[in-house]
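Have the structure open as you read.

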Amino acid sequence: MARKLLFIIGLISLLTSCGFQFKTGELLPAELRTMKFKAGDKYGETTRIMRQTLRLNAINLVEDDTQNVPTFYFDGMTQSSSVSALFSTGKEAEQLLVVKANAKIIMPNGESYPLSTQVVHNFFDSPQEALAKTTQKEVIWKQMQEQAANQLINRLMALKEKLHPQIIKVAP
């Protein structure tokens with residue numbers, strides 16, 4: 001019995017320490033597993049990333065004319081960068097890259113639930129590797145956009161408490 005308990009505790013700690021996450025949408029509320037998808041920029045790269053992330057998380061996207069289905073309205077992602085460190089010569093040594101993503105869920109009854117997230121990453125700017133840093137920066141931007149899309153899905157899963165609040169009875 002003690003070995004089983006030790007094995008289970010070890011397995012749980014192993015899974016939590018390696019960053020394991022459910023990717024099948026099992027934690028989504030039932031009413032959010034089928035949604036309409038709308039975006040300001042229908043054919044943009046960030047819209048494609050968001051749509052793909054929704055599908056990877058077992059969210060069924062339906063056509064706009066479907067009734068009684070929540071709408072996932074994707075407001076888009078913004079990118080910004082700022083200098084966070086300088087070399088002694090006055091050139092940029094490090095940049096702070098920021099991606100912000102905004103969306104909202106509009107339920108069939110008209111209720112709206114805003115979702116937002118922000119991903120921050122440090123980028124070391126080496127003047128000796130001009131071409132390599134441009135390519136590397138593009139890869140980092142794309143990874144940050146994918147991470148922001150995944151974080152919006154996590155925020156979506158957190159809506160379960162707002163959609164189905166638990167009623168706590170206090171004994172007199």
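## The pocket

Strand 1 (34-39), helix 2 (45-56) and strand 2 (60-62) each put at least two residues into the lining of the largest pocket, with strand 1 giving the most, 3 residues. Helices (H or I, at least four residues) and strands (E, at least two) are DSSP runs, numbered from the N terminus. This is a predicted model, where local features need pLDDT of at least 70, side-chain atom pairs count only at pLDDT 80 or more, and totals for chains, interfaces and linings use all residues. Residues are numbered from 1 along each chain as its sequence is written, and side-chain values use heavy atoms, with hydrogens and water left out.

A pocket here is an open set of points on a 1 Å grid over the protein atoms alone, where a 1.4 Å probe fits, with protein on both sides within 12 Å along at least five of seven lines; lining residues have an atom within 4 Å of a point. This one holds about 290 Å³ of space, the volume being that filled by probe spheres set on the points, which are joined across faces, edges and corners. Its lining includes Lys-38, Arg-51 and Asp-64.

## Confidence

pLDDT, the predictor's confidence in each residue from 0 to 100, averages 83 over the protein. By element, mean pLDDT is highest for helix 2 (93) and lowest for helix 4 (residues 160-163), at 75.
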